[in-house]
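Here is a brief report on one structure. Please keep the sequence and the 3D view at hand while reading.

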Amino acid sequence: MYQQIVILTGAGISAESGLRTFRDQDGLWEEHKIEEVATPEGYEKNPQLVEQFYNERWQQFHNGCIEPNAGHDALAKLEREFEGKLLVVTQNIDDLHERAGSKRLLHMHGELSKGRCPRSRQTFLLREPFGPDHTCTCCIPAQRLRPHVVWFGEMPIGLDRIQHALDSCDLFIAIGTSGTVYPAAGFVDTANHHGAQTVDINLMPADRHSQFQYHLQGKASELLPKLVE
Ligand code: BJW
């Protein structure tokens, strides 16, 4: 029935794997100031503090108990079985979608497992937490790697590809995202504009709730397996 599906995921899909969201009760922004840890200015002022913020999340990841949940699995199954085109655009920097088996996947806010050269923008896989010794091998003199993430005021990754997919999708589903951060929060408008059906899946009505045609309220890990069946 559908030919091209775009799925946008946010922190809510990983919440049931044990990762904290940003804006819920007990979310990351309750303990950290956004301007200190999620802006280029914050990083310039205090790189150690920002590295510590990402290192703590990196450690949580590498202690081996964070696994994809049934929501991630359902999206990977959908990709395997769907005969049309499908793109999962995630705002999450965790690797739970790829570990569940998703391949047509774009990390628009970067990846926790990588560092990036600030000069060449080349990315490097991190085998251990960040530190001043993490430098690139692409420049002379070698540059200190920064987290490969998108902070406020920076351009998200892959916007051309996302725009292209949204322009021609006939189904857009947003899962576990509060709809407060742009440009991701505006994707529903583009999809609506192109005549797609738009669905949001969330524990509770999100900020741009009224822009969606259909709503499924509940846990992503419970709703997605039923939807994909
Ligand atoms: C469940 C669930 C369960 C829980 N099941 N659901 C004024 C107006 C408009 C825009 C701007 C403005 N001033 C500045 C801007 C731009 C700014 C912006 O949007 N600011 C707003 C806050 C106002 N945006 C930017 O700066 C972006 N860049 C940009 O705009 O570039 C210029 C540009 C110009 C033209 C075109 C395009 C671009 C960059 C934004 C970067 C965001 N970075 C972060 C950090 C990334 C690294 C990291 O992880 O540390 O990205 S911030 C943080 O928020 C992170 C997330 O990806 C992002 C979104 O959060 P998300 O995923 O929605 O999580 P939560 O916690 O907010 O919500 C969780 C949801 O899940 C809740 O709704 C729960 O109910 C639900 N949930 N459990 C289902 N089990």
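## The annotated position

In which loop is H109 found? H109 is in the loop between β3 (105-107) and β4 (110-116). The model is predicted. An unreviewed UniProt entry annotates H109 as "active site".

H109 has 21 C-beta neighbours inside 10 Å, so H109 counts as buried; the cut-off is 20 or more. Beyond four places in sequence, its contacts are Q91, I93, V149, V150 and P156.

## Helix α6

Helix α6 covers residues 70-81. Its 12 residues should span 16 Å at 1.5 Å a residue, and the end C-alpha atoms are 16 Å apart, so the two agree.

Which residues of α6 are buried? They are A70, G71, H72, D73, A74, L75, A76 and E79. Their cover includes two strands, β1 (4-9) and β2 (85-90). It also includes the helices α1 (11-15), α7 (96-100) and α10 (220-228).

In soluble globular proteins, nonpolar side chains tend to be buried together. Here the largest nonpolar core has 35 residues. Those with the most contacts inside this core are V6, I7, V89, L166, C169, F172 and A191. At least two core residues come from each of β1, α6, β2, α7, α8 (159-167), β7 (171-175), α9 (187-193) and α10.

A second, separate core has 11 residues, including Y54, I93, F130 and V149.

## A191 and A196

A191 is in contact with V6, L166, C169, F172, A196 and T198, leaving aside neighbours within four places in sequence. A196 lies in the loop between α9 and β8 (197-202).

Why does A196 count as buried? A196 has 23 C-beta neighbours inside 10 Å, and the cut-off is 20 or more. Not counting residues up to four places away in sequence, A196 touches C169, D170, L171, F172 and A191.

How values were computed:
Residues are numbered from 1 along each chain as its sequence is written. This is a predicted model: local features need pLDDT of at least 70, side-chain atom pairs count only at pLDDT 80 or more; totals for chains, interfaces and linings use all residues. Helices (H or I, at least four residues) and strands (E, at least two) are DSSP runs, numbered from the N terminus. The expected span of a helix is 1.5 Å times one less than its number of residues. A residue is buried if 20 or more other C-beta atoms lie within 10 Å of its own, exposed if 12 or fewer, and partly exposed in between; C-beta atoms are placed from the backbone. Two residues are in contact if their C-beta atoms, placed from the backbone, lie within 7 Å. UniProt positions are given in the numbering used here, feature names are shortened, and annotations may be inferred rather than shown by experiment. A nonpolar core is a set of buried Ala, Val, Leu, Ile, Met, Phe, Trp, Tyr and Cys residues joined through C-beta atoms within 7 Å.
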